[in-house]
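The following note sets out comments on the structure shown below.

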Amino acid sequence: MNVERYRCRKPDDTIHIGKEIGTRLKAGDIVLLKGSLGAGKTTFVKGIAASIGIEDEVTSPTFTIISVYSGNVDLYHIDLYRIEGDDDLEELGLYDYLYGEGISVIEWGERIEDRIQGLPLSIVIDIKENGEREITVTGFDD
């Protein structure tokens, strides 16, 4: 399994890396985003959205839990920060979005990682002491 690392000095760099990753995604892909509050997960998703032709403003779905955006392929932007357990996941109908016609990008992906079939793409965003971000991507086979 391939591991890629990127350094970002500013939010535009994070968006740029998101765009690069987004060009490699296809319908049915699942991306698990991991990182602390304020790490730049939603900023990264903005890049993915731009790469697949989404022109709508992408915002954090912390309160809505699931946001659906239409582009060349649908993007299911999911935020599990407020999810308590399996009952919440079932109630949301989360599994109806996964493995479907769109790309599922899940913030706080570590909360569902053990329930995902196959090998999802894992993206970890770490905040470094100087404020830079290190983005580690695991899961592409190329």
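In which sense do β4 and β5 pair, and over how many bridges? The two strands pair in the parallel sense, over 5 bridges. Within this pairing, L75 is placed opposite I103 of β5.

1. Confidence. The model is predicted. Its protein chain has a mean pLDDT of 90, and 99% of the residues reach 70 or more. Confidence is lowest in helix α3 (residues 86–92), where the mean is 73, and highest in helix α2 (residues 41–51), where it is 97.

2. Sheet. An open sheet is formed by 7 strands, and its order is β1-β7-β6-β2-β5-β4-β3 with mixed pairing. The edges are held by β1 and β3 (66–69); each has a single partner strand, so one side of each lacks a neighbour in the sheet. From one strand to the next, the twist averages 15°.

3. Pairing of β2. Strand β2 runs parallel to strand β5 (residues 103–107), and 4 bridges join the two. V31 has V105 as its bridge partner in β5.

4. Hairpin of β3 and β4. These two strands form a hairpin with 5 residues between them. Their pairing is antiparallel and extends over 4 bridges. I66 stands opposite I78 of β4.

5. Burial of β4. How many of the residues of strand β4 (residues 75–79) are buried? The count is 5 of 5, and the strand is described as mostly covered. In a regular strand, side chains alternate between the two faces of the sheet. Both faces of β4 are covered: L75, H77 and D79 are buried on one side, and Y76 and I78 are buried on the other.

6. Helices α1 and α2. Helix α1 lies across β1, β6 (121–127) and β7, and runs at about 155° to β1. In α2, the buried residues include K41, F44, V45 and I48. The buried residues of α2 pack against helix α1 and against strands β2, β4, β5, β6 and β7. After α2 comes G53, which has a positive phi near 80°.

7. Aromatic pairs. The whole structure contains 2 aromatic pairs. One of them joins Y76 and Y97 in an edge-to-face arrangement, at 5.1 Å centre to centre and with 65° between the planes. This pair links distant parts of the chain, since Y76 belongs to strand β4 and Y97 to helix α4 (residues 94–97), 21 residues apart. Y76 counts as buried at 9% relative accessibility, whereas Y97 counts as partly exposed at 25%. Another pair is made by Y81 and W108; the ring centres are 5.1 Å apart and the planes stand at 45°, so this pair is tilted. Y81 is in the loop between β4 and α3 and W108 is in the loop between β5 and β6, so the pair ties together parts 27 residues apart in sequence. Y81 counts as partly exposed at 32% relative accessibility, while W108 counts as buried at 10%.

8. Salt bridges. The structure has 9 salt bridges. R24 forms one of them with E4, with the closest N and O atoms 2.8 Å apart. R24 lies in the loop between α1 (11–22) and β2 (30–34) and E4 lies in strand β1 (residues 3–8), so that the pair links distant parts of the chain, 20 residues apart. Is E4 buried or exposed? E4 counts as buried because its relative accessibility is 13%, under the limit of 20%. R24 is partly exposed, at 29%.

9. Further salt bridges. R7 forms a salt bridge with E134, the closest N and O atoms being 3.3 Å apart. The two residues link distant parts of the chain, with R7 in strand β1 and E134 in strand β7 (residues 133–138), 127 residues apart. R7 is partly exposed, with a relative accessible area of 46%, whereas E134 is buried at 17%. A network of salt bridges links R7, R9, K128, E132 and E134. D114 and R115 also form a salt bridge, with their closest N and O atoms 3.5 Å apart. D114 counts as exposed at 67% relative accessibility, and R115 is partly exposed at 31%.

Note on methods:
Residues are numbered from 1 along each chain as its sequence is written. Side-chain values use heavy atoms; hydrogens and water are left out. A salt bridge is a side-chain nitrogen of Lys or Arg within 4 Å of a carboxyl oxygen of Asp or Glu. Buried means under 20% relative accessible area, exposed over 50%, partly exposed in between (1.4 Å probe, protein chains only). pLDDT is the predictor's confidence in each residue, from 0 to 100. Two strands pair if DSSP finds at least two bridges between them. Axes are lines fitted to C-alpha atoms, for helices over the stretch in contact, and angles run from 0 to 180 degrees between N-to-C directions. Contact means heavy atoms within 4.5 Å. Rings of Phe, Tyr and Trp (its six-membered ring) pair if their centres lie within 6.5 Å; planes under 30 degrees apart count as stacked, over 60 as edge-to-face and the rest as tilted.
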